[in-house]
Amino acid sequence: MNDIATKIKEVAGELPEGTRLVAVSKFHPEEALREAYDAGQRLFGESREQELSVKQAALPKDIEWHFIGHLQTNKVKYIAPYIAMIHAVDTYRLLAEIDRQAAKAGRIIPCLLEIHIAQEESKYGFSFDSCRDMLRHEDWASLHNVRIAGLMGMATNTDDESLIRKEFASLKHFFDELKQTFFPTDSSFKELSMGMSHDYPIALQEGSTLVRVGSKIFGERIY
Ligand SMILES: *Cc1c(COP(=O)(O)O)cnc(C)c1O
């Protein structure tokens, strides 16, 4: 068995019931994705629109593609016809544009709200407060072609496991708060996308439902 297939099976074998592996294939060539596909993997994550669109056109049509990176509003139209989930929605403006393009494509696109939980500075992601504000004041419930399916976050890039655990736990806690406040009867609000190669075992213990694992499966990315 080749290396990628071995790694896919290894990570998949660690997942509890109800959790899924997003194989993050950005910067890796089509052959690498085919190896993962042949090992049974059907869910892939990419973070650049052009790269994704080329791979989507070339690879089997039963692949479920997730967009996991920062998405510019002007790129939404290219992925709206096929994308299965968008993980990092961090403004109402982006959500509204996804809704518009999904309507044109005759689709409903599940989206996750990105929450900034790490200590590092980042331009992206809602704070807890700005996310609550958005849900209270914006007319998201009238967007019929997007579905807010949960939250996504990234922990601080550190070896300090207790800090990583604390950050993931804070995201799960916030997820539970939003579920109760804004989505009590909405069964689509159920996903918590957290955990990457170096921290997904902690994320799983803290309630992740989608782990986004790249380098552990495909090796280091060559930029
Ligand atoms: C690249 C990327 C990953 C995967 O990172 P690895 O450390 O290679 O597992 C996960 N999530 C996001 C948002 C990414 O951009």
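Ala, Val, Leu, Ile, Met, Phe, Trp, Tyr, Cys and Pro count here as nonpolar, Asp, Glu, Lys and Arg as charged, and the others, Gly among them, as polar. With that in hand, the lining of the largest pocket comes to 13 nonpolar, 11 polar and six charged residues. Please keep in mind that this is a predicted model.

**Pockets**

- The largest pocket has a volume of about 690 Å³. Among the 30 residues lining this pocket, Lys26, Met152, Met154, Met196 and Arg212 are the closest to its centre.
- Two or more lining residues of the largest pocket come from each of β5, β6 and β8 (210-213). The biggest share belongs to β5, which gives three residues.
- The second largest pocket has a volume of about 160 Å³. Its lining is made up of Trp140, Ala141, Leu143, His144, Val146, Arg147, Ile148, Phe183 and Asp186.
- Sorted by class, the second largest pocket is lined by six nonpolar, one polar and two charged residues.

**Helix α7**

- Helix α7 has 22 residues (161-182), which at 1.5 Å a residue should span 32 Å; the C-alpha atoms at its ends are 31 Å apart, in agreement with that figure.
- Leu163, Ile164, Glu167, Phe168, Leu171, Phe174, Phe175, Leu178 and Phe182 are the buried residues of α7. Looking down the axis of α7, these residues fall within an arc of 135 degrees, so they line one face of the helix.
- What do the buried residues of α7 pack against? Their partners are β5 (109-116), α6 (128-137), β6 (146-154), β7 (191-193) and α8 (200-205).

**Helix α2 and leucine 33**

- In α2 (30-38), the buried residues are Ala32, Leu33, Ala36 and Tyr37. They cover an arc of only 140 degrees around the axis, which puts them on the same side of α2.
- Glu31 and Asp38 are exposed on the face of α2 turned away from its buried side.
- The buried residues of α2 pack against α1 (3-13), β2, α3, β3 and α9 (215-218).
- Leucine 33, which lies in α2, has a relative accessible area of 1% and is therefore buried.
- Leaving aside residues up to four places away in sequence, leucine 33 touches Ser25, His28, Phe44, Glu46, Lys55, Leu59, Trp65 and Phe218.
- Leucine 33 and alanine 57 are 24 residues apart in sequence, and their C-alpha atoms are 13 Å apart in space.
- After α2 comes glycine 40, with a positive phi near 105 degrees.

**Helix α3**

- Glu49, Glu51, Leu52, Lys55 and Gln56 are buried in helix α3, which covers residues 49-58. Seen down the axis of α3, these buried residues fall within an arc of 160 degrees, so they line one face of the helix.
- Gln50, Val54 and Ala57 are exposed on the other side of α3.
- The buried residues of α3 pack against α2, β2 (43-46), β3 (64-67) and α4 (76-79).

**Residues in loops**

- Phenylalanine 27 sits in the loop between β1 (20-24) and α2. Its phi is near 70 degrees, a positive value in a residue other than glycine. For context, most residues other than glycine have a negative phi.
- Is phenylalanine 27 buried, exposed or partly exposed? Because its relative accessibility is 26%, phenylalanine 27 counts as partly exposed, the range for that class running between under 20% for buried and over 50% for exposed.
- Alanine 105 has its place in the loop between α5 (92-104) and β5, and at a relative accessible area of 34% alanine 105 is partly exposed.
- Not counting residues up to four places away in sequence, alanine 105 touches Ala80 and Pro81. A separation of 16 Å lies between the C-alpha atoms of alanine 105 and leucine 94, which are 11 residues apart along the chain.
- Lysine 123 is found in the loop between β5 and α6. With a relative accessible area of 72%, lysine 123 is exposed.
- The C-alpha atoms of lysine 123 and alanine 84 are separated by 25 Å, with the two 39 residues apart along the chain.

Methods
Residues numbered from 1 in each chain as written. Predicted model: local features only at pLDDT ≥ 70, side-chain atom pairs only at ≥ 80, totals over all residues. Heavy atoms only, no water. Helix = DSSP H or I, 4+ residues; strand = E, 2+ residues; numbered from the N terminus. Expected span 1.5 Å × (residues − 1). Buried < 20%, exposed > 50% of the residue type's maximum accessible area, 1.4 Å probe, protein only. Arc of directions from axis to C-beta. Contact = heavy atoms within 4.5 Å. 1 Å grid on protein atoms, 1.4 Å probe; cavity = no way out; pocket = protein on both sides within 12 Å on 5 of 7 lines; lining within 4 Å. Points joined across faces, edges and corners; volume = space filled by probe spheres on them.
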